[in-house]
Amino acid sequence: MRKLYKMSLYNFRGKIELGDVTSHNIKQLKLLNQVVFPVSYNDKFYKDVLEAGELAKLAYYNDMVVGGVCCRIDISEGQRRLYIMTLGCLAPYRRLGIGTKMLQHVLNFVEKDGNFHAIFLHVQVNNDSALEFYKKFGFEVVETKEHYYKRIEPADANVLQKTLIPSKD
Ligand SMILES: CC(C)(COP(=O)(O)OP(=O)(O)OC[C@H]1O[C@@H](n2cnc3c(N)ncnc32)[C@H](O)[C@@H]1OP(=O)(O)O)[C@@H](O)C(=O)NCCC(=O)NCCS
């Protein structure tokens, strides 16, 4: 009985997988980001994504591209941190665990590396769903940057951070 219940739950939620970003599918990532984010990303962004290896992934739901995550390594003020540039899922496919699958990949990457001080990202101050999502994984608002965005309203951004290695001071 218990086993049957588990199987039907799996079928209901579908199959979620991550795949590499390559020159063959990067257009799908561009389209996805255009739909999901209010900010547009330039050619340099996508050129770097192609070199990012495990730091950029497409998310598939039953073999369809429905999400993507792009990160880069940030070294500033003597700290090595992972910066999440984009992590998004198409609206009809939200609350199915796709965001979790992508973030879990990022968390596994930093854990395996073992040498990141923190993971951080910017989110628009009105983005309550992203705030709830990241809070679930131990991120907290560490700063609010006024006028961070140039072409969208509200222009202010919260900096969300999950600290991995506490600084010595
Ligand atoms: C934030 C985002 C990536 C979450 O993706 P998702 O696939 O819906 O996330 P999950 O299904 O894995 O959600 C995991 C948990 O996060 C929390 N959560 C996610 N969306 C939420 C919402 N709208 N309201 C409250 N909690 C939410 C819940 O605890 C959820 O677990 P539950 O569904 O069992 O309650 C998605 O909303 C999105 O793409 N938003 C637009 C892009 C964006 O703003 N990205 C963040 C900046 S990079």
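Strands β4 (79–89) and β5 (118–124) pair in the parallel sense over three bridges, where two strands count as paired if DSSP finds at least two bridges between them. Helices (H or I, at least four residues) and strands (E, at least two) are DSSP runs, numbered from the N terminus. Within this pairing, the partner of Arg81 in β5 is Ala118. The structure is a predicted model, in which local features need pLDDT of at least 70, side-chain atom pairs count only at pLDDT 80 or more, and totals for chains, interfaces and linings use all residues. Residues are numbered from 1 along each chain as its sequence is written.

β5 also pairs with strand β7 (residues 157–163), in the antiparallel sense and over seven bridges. In this pairing His122 has Val159 of β7 as its bridge partner. β7 is in turn paired with strand β6 (residues 140–145), again antiparallel, over five bridges, and the partner of Val141 in β7 is Leu160. Five of the seven residues of β5 are buried, so β5 is largely enclosed by the rest of the structure. A residue is classed as buried if 20 or more other C-beta atoms lie within 10 Å of its own, as exposed if 12 or fewer do, and as partly exposed in between, with C-beta atoms placed from the backbone.

Asp74 is located in strand β3 and is partly exposed, because 17 other C-beta atoms lie within 10 Å. When residues up to four places away in sequence are not counted, Asp74 touches Arg81 and Tyr83; two residues are in contact if their C-beta atoms, placed from the backbone, lie within 7 Å. Asp74 and Ile119 are 45 residues apart along the chain, and their C-alpha atoms are separated by 9.4 Å. Leu131, a residue of helix α5, is also partly exposed, with 18 other C-beta atoms within 10 Å. The C-alpha atoms of Leu131 and Val141 are 8.6 Å apart in space, at a sequence separation of 10 residues.

The ligand is surrounded by 21 residues, of which the closest are Arg94, Gly99, Thr100, Ser129 and Glu132. A residue belongs to this shell if its C-beta atom, placed from the backbone, lies within 6 Å of the molecule. Two or more shell residues each come from β4 (79–89), α4 (98–113), β5 (118–124) and α5 (128–136). By class, the shell contains 10 nonpolar, seven polar and four charged residues. In this division Ala, Val, Leu, Ile, Met, Phe, Trp, Tyr, Cys and Pro count as nonpolar, Asp, Glu, Lys and Arg as charged, and the others, Gly among them, as polar.

Several backbone features fall in loops. Most residues other than glycine have a negative phi, and most peptide bonds are trans. Asn62, in the loop between β2 (56–61) and β3 (64–76), has a positive phi near 45°. Asn62 is exposed, as 11 other C-beta atoms lie within 10 Å. His147 lies in the loop between β6 and β7 and has a positive phi near 55°. His147 is exposed as well, with 9 other C-beta atoms within 10 Å. The loop between β6 and β7 also holds Pro154, and the peptide bond from Glu153 to Pro154 is cis, with omega near -10°.

The chain as a whole has five helices and seven strands, in the order α-β-α-α-β-β-β-α-β-α-β-β from the N terminus. Its C-alpha atoms fill a box of roughly 55 × 35 × 30 Å along the principal axes. Buried residues make up 26% of the 169 residues. Of the contacts with a separation of 6 or more, 60% are between residues 24 or more positions apart.

An unreviewed UniProt entry carries the annotation "domain: N-acetyltransferase" for residues 16–165. UniProt positions are given in the numbering used here, feature names are shortened, and annotations may be inferred rather than shown by experiment. The annotated span is 29% helix and 37% strand, and its end C-alpha atoms lie 30 Å apart.
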